[in-house]
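Student: I would like to learn how a protein model is read, step by step. May we work through one together?

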Amino acid sequence: MSKSPVREILKGLLTNTTASGPSTVAIHLDIPVKDAVHTQVSGEIDVYGVLLRQQGLPEPIRDVRGRIAFSSTGITAEGLTARLYEAPVTASIAPQPDGSSLLSASVTAAMDPTGKGASELLPEWLRKEAD
């Protein structure tokens, strides 16, 4: 995807992440015959257990599943699921007025005061509060 015509639309996902695993991509192109520069691209990416590595996270996000739609207005997704460490994750992506995309995610994990598992992502002072 990083070398495809949709790289500009997906740059927020592609810049700081790498992904591997089963997926399918459907792309729709609207190409004006007399003005191909103004081609519009849209499509969907279905992921079926993808491994996602995000810069800044010590562990990969595993078993990503769901559908991500993209168009010239941005990226959208509802009901994405995954696992971070062994904790279940649900997520959505919504386009923002400035052209960026907002990822909203929820992780349900047991808090470990020593910072094991997903607790590693929390500040030490907060982990100690859970002790």
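The questions and answers below concern this predicted model.

Student: Which pattern of helices and strands does the protein chain follow along the sequence?

Tutor: The protein chain has 2 helices and 7 strands. Read along the sequence, these elements give the pattern α-β-β-β-β-β-β-β-α.

Student: Which residue in the turn between strand 5 and strand 6 has a positive phi?

Tutor: Strand 5 and strand 6 run antiparallel and are joined by 6 bridges; Ala82, for example, stands opposite Val89 in strand 6. The two strands form a hairpin with 2 residues between them. In that turn, a positive phi of about 60° belongs to Tyr85.

Student: Which residues does Val64 touch, not counting residues up to four places away in sequence?

Tutor: With residues up to four places away in sequence not counted, Val64 touches Val47, Tyr48, Gly49, Val50, Leu52, Thr81 and Ala82.

Student: Is Thr17 buried or exposed?

Tutor: Thr17 is found in strand 1, residues 17–20, and it touches Leu52, Arg53 and Gln54, not counting residues up to four places away in sequence. A residue is called buried under 20% relative accessible area. Because the relative accessibility of Thr17 is 16%, this residue counts as buried.

Student: How many residues apart are Arg67 and Glu44, whose side chains meet in a salt bridge?

Tutor: Side chains of opposite charge can pair when their charged atoms come close. The salt bridge of Arg67 and Glu44 has an N to O distance of 3.6 Å.

Student: Which residue is linked with Glu44 and Arg67 in a network of salt bridges?

Tutor: Arg67 is partly exposed, with a relative accessible area of 44%, and Glu44 is partly exposed as well, at 32%. The network of salt bridges that links Glu44 and Arg67 also includes Asp46.

Student: What is the N to O distance in the salt bridge of Asp63 and Arg65?

Tutor: The structure holds 4 salt bridges. Asp63 is partly exposed at 31%, and Arg65 is partly exposed at 37%. Their side chains meet in a salt bridge with an N to O distance of 2.8 Å.

Student: What is the area of the nonpolar surface patch that includes Ile31?

Tutor: Ile31 is placed in the loop between strand 2 and strand 3. Its relative accessibility is 49%, so Ile31 counts as partly exposed. Together with Val25, Ile27 and Leu29, Ile31 makes a nonpolar surface patch of about 340 Å².

Notes
Residues numbered from 1 in each chain as written. Predicted model: local features only at pLDDT ≥ 70, side-chain atom pairs only at ≥ 80, totals over all residues. Heavy atoms only, no water. Patch = residues over 30% accessible without salt bridge, like charges linked within 9 Å, V, L, I, M, F, W, Y side chains within 5 Å. Areas by Shrake-Rupley, 256 points an atom, 1.4 Å probe, with all protein chains shown as cover. Helix = DSSP H or I, 4+ residues; strand = E, 2+ residues; numbered from the N terminus. Buried < 20%, exposed > 50% of the residue type's maximum accessible area, 1.4 Å probe, protein only. Contact = heavy atoms within 4.5 Å. Pairing = 2+ DSSP bridges.
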